[in-house]
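The following note sets out some points on the model shown below.

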Amino acid sequence: HGNMESDKIVEFYNKELPTRGWQPSASIRSGGAMLAFSKEAKTLMVAIGKQNNETSLTLTVGGTGR
C-alpha cells in the first residue's frame, strides 16, 4: 500500500518487465489496472487499485507446473 498514482505504476511495469523477458499479454484499465505478462510458461498478474486515497499493488505469479 502507498501513495502513488496508478499510471506511474503501470508505466513502470510496462517498461521494466519486457526488459526482463516478460511479454505483455493483457491490460485492463478502469480506475485501477490489471496487467498480465507471460514468460517461460508462467503468467504474472499485476493488480493496481485505489481505496481511500491509498494505492494497493498485488503481484501474482502462476505457471503450468511443467
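1. Rings of Phe, Tyr and Trp (its six-membered ring) are taken to pair if their centres lie within 6.5 Å; planes under 30 degrees apart count as stacked, over 60 as edge-to-face and the rest as tilted. By this rule there is 1 aromatic pair. The ring centres of Phe12 and Tyr13 are 5.1 Å apart and their planes stand at 85°, so this pair is edge-to-face.

2. This is a predicted model, in which local features need pLDDT of at least 70 and side-chain atom pairs count only at pLDDT 80 or more, while totals for chains, interfaces and linings use all residues. Residues are numbered from 1 along each chain as its sequence is written, and side-chain values use heavy atoms, with hydrogens and water left out.

3. Tyr13 is buried, with a relative accessibility of 14%, whereas Phe12 is partly exposed at 45%.

4. Helices (H or I, at least four residues) and strands (E, at least two) are DSSP runs numbered from the N terminus, and two strands pair if DSSP finds at least two bridges between them. On this basis, 4 strands make an open antiparallel sheet in the order β1-β2-β3-β4. Its edge strands, each pairing on one side only, are β1 (23-30) and β4 (54-63). From one strand to the next, the twist averages 10°.

5. Helix α1 (residues 6-19) packs on this sheet, touching β1, β2, β3 (42-51) and β4 (contact: heavy atoms within 4.5 Å). The direction of α1 makes about 5° with that of β2; axes are lines fitted to C-alpha atoms, for helices over the stretch in contact, and angles run from 0 to 180 degrees between N-to-C directions.

6. Strand β2 (residues 32-39) is joined to β1 by 7 bridges, with Ser38 as the partner of Gln23. The antiparallel pairing of β2 and β3 also has 7 bridges, and Ala36 stands opposite Met45. These two strands form a hairpin with 2 residues between them, where Glu40 has a positive phi of about 45°.

7. Between β3 and β4 there are 10 antiparallel bridges. Their hairpin likewise has 2 residues between the strands, and Asn52 in the turn has a positive phi of about 55°.

8. Where does Glu54 lie? It is in strand β4, opposite Gln51. Glu54 is partly exposed at 37% relative accessible area. Beyond four places in sequence, Glu54 touches His1, Gly2 and Gly49. The C-alpha atoms of Glu54 and His1 are separated by 6.5 Å, although these residues are 53 apart along the chain.

Definitions and conventions:
Buried means under 20% relative accessible area, exposed over 50%, partly exposed in between (1.4 Å probe, protein chains only).
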